[in-house]
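Student: I would like to learn how to read a model like this one. Can we go through it feature by feature?

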Amino acid sequence: MAHLATEVLVIGSGAGGAVTAATLAEAGRTVTVVEEGPWIDADALEPFSLDEMVAKYRHHGLAAALGNPAVAYAEGRCVGGSTEINSGLYHRLPDDLVAEWQTRYGIDEFTPEALASYADRVEGRLSVAKVPGAPPASSAALERGATKLGWRNVEFARVFSYDDQQRGTKQTMSRTMLPRAIAAGATIVPDCRVQRLTRQGDRVTGARCRRTHPGGGVERLTISADHVIVCGGAVHSPALLQRSGIWRNIGNGLKMHPTIKIAARFPHPVDHGDVPMHRVTEFSPFIAIGGSASRKGHVAMALAETGAPYQDALAEWEHISTYYAAIRSEGSGRVVAAPGLRSPLVTYSLTDADLSRLARGLVNLGELLLAAGATELHPSVVGGRVVHRIDELGSWWDQVTRARANLMTVHLTSTVRMGENRERTGADSFGRVWGYRNLRVNDGSLIPDAPGVNPQAAIMAIATRNCDQFLADS
Amino acid sequence: MLWFEREVVGALIETPDQHLRSSIEAFVDGSLRDMPEHLRAGVLGESVLLGAYVAARRAAGRLDRDDREALLHQLESWEASPIGVLRSYVRMMKSLVVFAENELTVEGAA
Ligand SMILES: Cc1cc2nc3c(=O)[nH]c(=O)nc-3n(C[C@H](O)[C@H](O)[C@H](O)COP(=O)(O)OP(=O)(O)OC[C@H]3O[C@@H](n4cnc5c(N)ncnc54)[C@H](O)[C@@H]3O)c2cc1C
């Protein structure tokens, strides 16, 4: 059995973990990052391709929160975590939510001004930019439809940098924060899963891990650490804490943005290499409308959702792009590490209000796409009507039912909520797990509720804030 | 993959190209293996039950053994079933096959 000692052990290398590692290493701490997934060169695989899905997604992207209906979800499992596979869209946490959460969860030093200063810091270390020049056709369609209907819309900035030829490179954690951490002396250990934390009284002493070697051999590794910061994401951070015997307010209160989709056919070809950066904010914060990855495989999957024949549409797949309506859900779920199972059980209950919000989102999205010039709309609803005209949209109201709606999400949060209100939270205002002096969480799990916007900006700003507090405390 | 899963995947694949068919099967097989184990256990259970049901219908002469269309028709009816796990079984298999078939190219698969 191998052994390693470090001052700070960071578990997980995604949005939360990489920011934590870079911030603490640059402040002179000895940091080791342990990541379950492999280290894959960020340029090696085409974004959103099947190869990327196999190499970088946990479970090949095939996981679901059980419930009625089940909600499929995706997460990254590689060095850089979900930032390696995400769309790079970047949106600061809305000020009104900051104020609401501050009161509801009793979060200290959590004000719009304070968070804005941390967001400034994150943005200074990444590159956050809008597309130079005209947006791609799939994104322009959102803008065009919204403008015609008089609906608010914005072009989101993304964590992208652009060269002289306006070619964009997504600034994932493996391209930004992790190299910074390494330059400041941090060690990254890929292919290494933390199985459980070791504890003594109110202190965590380290972790027990299984490390897979490139040839396939497996080695046990124990790590002793003065401080442990868990950043495994909203599903795996609570699961690891539970496997380690820590349960109080851990894993309940899971939040997500359930999403319903439309494959929209246009009379002209649309782009397929990127993801639309426009968002329709007319119905924010409860419904957000945007676009998804639309390679041929995604288009085919989306067309197949209704169950109706789609070969004719697929023959013209270059004219088709996929769009979504995502809701800020009232429902909630749980993550439970069941004994003997490697993967945690994830459940989610949608409320009836969530379902009607999804139906409304689908109808709004349909209206927008028709206004943008789409000629045929295929909803992600089994038996859902393929719509060509505005007067046909009404049929979707009755078709979005628990039995027929196909839902998915890529935004999961809130399983170790932060704040001083001990009834509602699993960690204090800065992510320190209740009952433990040197154990912290610093990832999407801390976000106390679904943010209604893409979460990575909030995760990174809050992680930076919590690192400052850690440095001040220790 | 269990025999019934292989049969379902085989029926859902459209291309006659053998290399491509094998690559799609390998992708689906890898994805099923990589599923969270409780979900995989559920899918395995369903595959056994649905496989037994199909085998019984074949034995009773109600379903032709080599009739791809008949199996596809059966899958369609399960996809529209009021039973959630049946619907999601078909949806999952179909999504995996459709995605792989449209992402893998004949050259890539060869
Ligand atoms: C397809 C997709 C598209 C998205 N698009 C956007 C977008 O455009 N904008 C946006 O803001 N957000 C987007 N998101 C969401 C965003 O990427 C996540 O919210 C964010 O990355 C979560 O950060 P995290 O640190 O909580 O977890 P992650 O980034 O998921 O990182 C967690 C890491 O911890 C590792 N880990 C877990 N358990 C262990 C263990 N026991 N031992 C060792 N390592 C472990 C995991 O393998 C993983 O690499 C998207 C997500 C996906 C999947």
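Tutor: Keep in mind that this is a predicted model. Let us begin at the ligand. An oxygen atom of the ligand is 3.2 Å from a polar backbone atom of A:Cys78.

Student: What share of the ligand's accessible area does the protein cover?

Tutor: On its own the ligand has 1000 Å² of accessible area, and the protein covers 96% of that.

Student: Which elements give two or more residues to the shell around the ligand?

Tutor: They belong to chain A: helix 1 (15-26), strand 11 (192-200), helix 7 (233-243) and helix 12 (456-473).

Student: Of the residues around the ligand, which come nearest?

Tutor: There are 39 residues around the ligand, and those that come nearest are A:Gly16, A:Glu35, A:Ser82, A:Leu89 and A:Gln456.

Student: How is that shell made up by class?

Tutor: The shell holds 14 nonpolar, 18 polar and seven charged residues.

Student: Now the chains. How many helices and strands does chain A have?

Tutor: Chain A has twelve helices and 24 strands.

Student: What does chain A span along its principal axes?

Tutor: The C-alpha trace of chain A spans about 65 × 50 × 45 Å along these axes.

Student: What percentage of chain A is buried, and how much accessible surface does the chain have?

Tutor: Buried residues account for 60% of the 474 residues. The accessible surface of chain A is about 17000 Å², with 49% of it belonging to carbon and sulfur atoms.

Student: How should I read the sequence separation of contacts in chain A?

Tutor: Take the contacts between residues at least 6 apart in sequence, then ask what share joins residues at least 24 apart; in chain A that share is 73%.

Student: What does chain B contain in the way of secondary structure?

Tutor: Chain B has six helices and zero strands. From the N terminus, the order is α-α-α-α-α-α.

Student: Let us turn to single residues. Is A:Ser49 buried or exposed?

Tutor: The cut-off for buried is under 20% relative accessible area. A:Ser49 has 6% relative accessibility, so A:Ser49 counts as buried. A:Ser49 sits in the loop between strand 2 (31-34) and helix 2 (50-56) of chain A. Beyond its neighbours within four places in sequence, A:Ser49 is in contact with A:Arg295 and B:Glu103.

Student: Where is A:Gly76 found?

Tutor: A:Gly76 lies in the loop between strand 4 (71-73) and strand 5 (89-90) of chain A. With a relative accessible area of 12%, A:Gly76 is buried. Setting aside neighbours within four places in sequence, A:Gly76 contacts A:Lys56, A:Arg58, A:Gly81, A:Ser82 and A:Ile85.

Student: What does the side chain of A:Thr306 reach?

Tutor: The side chain of A:Thr306 reaches the backbone nitrogen of A:Ala308 at 3.1 Å. A:Thr306 is in the loop between helix 8 (296-304) and helix 9 (311-314) of chain A, and is buried at 5% relative accessible area.

Student: Finally, is B:Ala52 buried or partly exposed?

Tutor: B:Ala52, in helix 3 (residues 37-59) of chain B, counts as partly exposed at 46% relative accessibility.

Note on methods:
Residues are numbered from 1 along each chain as its sequence is written. Chains are lettered from A and ligands numbered from 1 in the order in which they are written. This is a predicted model: local features need pLDDT of at least 70, side-chain atom pairs count only at pLDDT 80 or more; totals for chains, interfaces and linings use all residues. Side-chain values use heavy atoms; hydrogens and water are left out. A residue is near a molecule or strand if one of its heavy atoms lies within 4 Å of it. A polar contact is a pair of N or O atoms within 3.5 Å; within protein, one must be able to donate a hydrogen and the other to accept it, and residues adjacent in sequence count only if both atoms are side-chain atoms. Accessible areas come from the Shrake-Rupley method with a 1.4 Å probe; for residues, only the protein chains shown count as cover. Helices (H or I, at least four residues) and strands (E, at least two) are DSSP runs, numbered from the N terminus. Ala, Val, Leu, Ile, Met, Phe, Trp, Tyr, Cys and Pro count as nonpolar, Asp, Glu, Lys and Arg as charged, and the others, Gly among them, as polar. Buried means under 20% relative accessible area, exposed over 50%, partly exposed in between (1.4 Å probe, protein chains only). Contact means heavy atoms within 4.5 Å.
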